[in-house]
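Welcome! Take a look at the structure below, and then we will walk through a few of its contacts and rings together.

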Amino acid sequence: LALFSLGYQNQIASIAGSFLLPGILAIAYRTSLPRAAMWCWLGWMCAAGVVAICIRQSARGRLERGSADFTYARRWRQWYLLQSMMISIGWGNIGMLYVPGAESQNTVLLITFLGVAASATNSAASHHMKMVLFGISTAFAFQMLYLPTGFGEHALPMQIMLVLYLLVLLN
């Protein structure tokens with residue numbers, strides 16, 4: 001139940017990361033991002049945030065009533081894995097916002113992704129290492145697919161650096 005409690009506390013960061021950061025990026029780059037891709041990505045991130053809020057509210061009710069037993073904690077963990085995967089897929093697909101030739105903007109998006117990945121690795125590692133490996137690897141795999149769009153001839157060195165960064169995160 002200690003991991004359940006820790007996961008419950010960490011959900012605040014997941015919720016903020018699903019709404020605030022994507023919202024800030026969408027507002028900051030609203031005129032230069034591909035509009036359809038931006039709305040699709042923002043919608044996915046908001047959906048992930050709503051899932052996180054629902055899971056947190058369910059747990060909150062159980063904790064307040066004192067009815068959060070081991071069976072509930074195990075079921076909650078399954079929902080938490082769903083939420084984590086939705087967020088991982090969302091952040092991995094931030095690359096759909098890359099604009100060819102806009103290297104500075106694309107670099108800001110990539111740095112944001114790397115910061116989120118580092119934060120997620122630290123907060124989720126205490127829950128389930130396999131989840132961290134799968135979630136972060138999934139996000140990085142999506143990111144690798146988008147690098148050629150965002151960085152053209154520099155995509156290969158960026159991909160190599162991304163793999164090295166992933167290895168450092170997971171070490």
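Leaving out neighbours within four places in sequence, Asn106 is in contact (heavy atoms within 4.5 Å) with Leu97, Tyr98, Val99, Gly150 and Phe151. Asn106 sits in helix α4, residues 103-124, and is buried at 0% relative accessibility. Buried means under 20% relative accessible area, exposed over 50% and partly exposed in between, with a 1.4 Å probe and protein chains only. Helices (H or I, at least four residues) are DSSP runs, numbered from the N terminus.

This is a predicted model, where local features need pLDDT of at least 70, side-chain atom pairs count only at pLDDT 80 or more, and totals for chains, interfaces and linings use all residues. Residues are numbered from 1 along each chain as its sequence is written, and side-chain values use heavy atoms, leaving out hydrogens and water.

Now for the rings. Rings of Phe, Tyr and Trp (its six-membered ring) pair if their centres lie within 6.5 Å; planes under 30 degrees apart count as stacked, over 60 as edge-to-face and the rest as tilted. The count comes to five aromatic pairs, including these:

| Pair | Centres | Planes | Type |
|---|---|---|---|
| Trp76 and Tyr80 | 4.9 Å | 25° | stacked |
| Tyr98 and Phe151 | 5.5 Å | 75° | edge-to-face |

Tyr98, in the loop between α3 and α4, and Phe151, in helix α5 (residues 129-151), are 53 residues apart, so their pair links distant parts of the chain. Tyr98 is buried at 3% relative accessible area, and Phe151 is buried at 5%. Trp76 and Tyr80 both lie in helix α3 (residues 70-92), four residues apart, and both are buried.

Methods: Helices (H or I, at least four residues) and strands (E, at least two) are DSSP runs, numbered from the N terminus.
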